[in-house]
Amino acid sequence: MRELFTSAIKKVTLELIYQVVEERTKELLEVVNDIKKRQEEDFRFLNQKIDTQIGQVRQEIGQVRQEVAQLNQKIDTQSAQLNQKIDTEIGQLRQEISQLNQRIDTIIQLLVDIKK
C-alpha cells in the first residue's frame with residue numbers, strides 16, 4: 001500500500017512539476033516575444049531615422065553641389081574677363097613696342113644721314 005501511495009505521490013508531484021515548468025516556459029516565451037516585438041519596433045524606428053538623415057544629407061550635398069557650380073561659374077566669368085584684360089594689355093604693349101621700334105628706326109636713319 002505504501003508503494004501505491006509513494007507511486008501516486010510521485011505521479012502527482014511530477015505532474016505538478018511539469019505544470020509549473022510548462023507555465024514558466026509560457027511566461028518566458030511571452031517575455032521573449034515581447035522583447036522581439038520591441039526590438040523590431042526599435043529597428044523600424046532606427047531605419048526611419050537613418051532614412052530621414054540620409055535624405056537630409058543628400059539634400060545638403062545637392063545644395064553644396066549647386067554652390068560649387070555657382071562658384072565655378074563665377075570663376076569662369078572672372079577668368080574670361082581677366083584673360084580679356086590681359087589680351088588688351090598685351091595688344092597695347094605691342095603697339096607701344098611697334099611705335100618705339102619706328103622711333104628707333106627713325107633715329108638710326110637720322111644718324112646714318114648725319115654721318116654721310
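## Salt bridges along the helix

In this predicted model, E27 is partly exposed, its relative accessible area being 41%. This residue pairs with R24 in a salt bridge whose closest N and O atoms lie 3.0 Å apart. Because E27 and R24 are three residues apart in helix α1, about one helical turn separates them. R24 is likewise partly exposed, with a relative accessible area of 46%.

The structure holds three salt bridges. Another joins the side chains of K26 and E22, at 4.0 Å from N to O. K26 and E22 also belong to helix α1 and are four residues apart, about one turn of the helix; E22 is partly exposed at 48% relative accessible area. E40 forms a salt bridge with R44, with 3.8 Å between the closest N and O atoms. These two residues, four apart in helix α1, are separated by about one helical turn, and E40 is partly exposed, with a relative accessible area of 46%.

## Overall form

The protein chain contains one helix and zero strands. Its radius of gyration is 49 Å, whereas a compact globule of 116 residues would have a value near 13 Å. The C-alpha trace spans about 165 × 25 × 5 Å along its principal axes.

## Surface and charge

Of the 116 residues, 0% count as buried. The accessible surface of the chain is about 11700 Å², and carbon and sulfur atoms contribute 56% of that area. There are 18 positive and 19 negative side chains, with the centres of the two sets 3 Å apart.

A nonpolar surface patch consists of F43, F45, L46, I50 and I54, which together have about 480 Å² of accessible area. I54 is located in helix α1, residues 2-115, and counts as partly exposed at 38% relative accessibility.

Conventions:
Residues numbered from 1 in each chain as written. Predicted model: local features only at pLDDT ≥ 70, side-chain atom pairs only at ≥ 80, totals over all residues. Heavy atoms only, no water. Rg over C-alpha atoms; globule rule 2.2 N^0.38 Å. Buried < 20%, exposed > 50% of the residue type's maximum accessible area, 1.4 Å probe, protein only. Areas by Shrake-Rupley, 256 points an atom, 1.4 Å probe, with all protein chains shown as cover. Lys, Arg positive; Asp, Glu negative; His and termini not counted. Charge placed at Lys NZ, Arg CZ, Asp CG, Glu CD. Patch = residues over 30% accessible without salt bridge, like charges linked within 9 Å, V, L, I, M, F, W, Y side chains within 5 Å.
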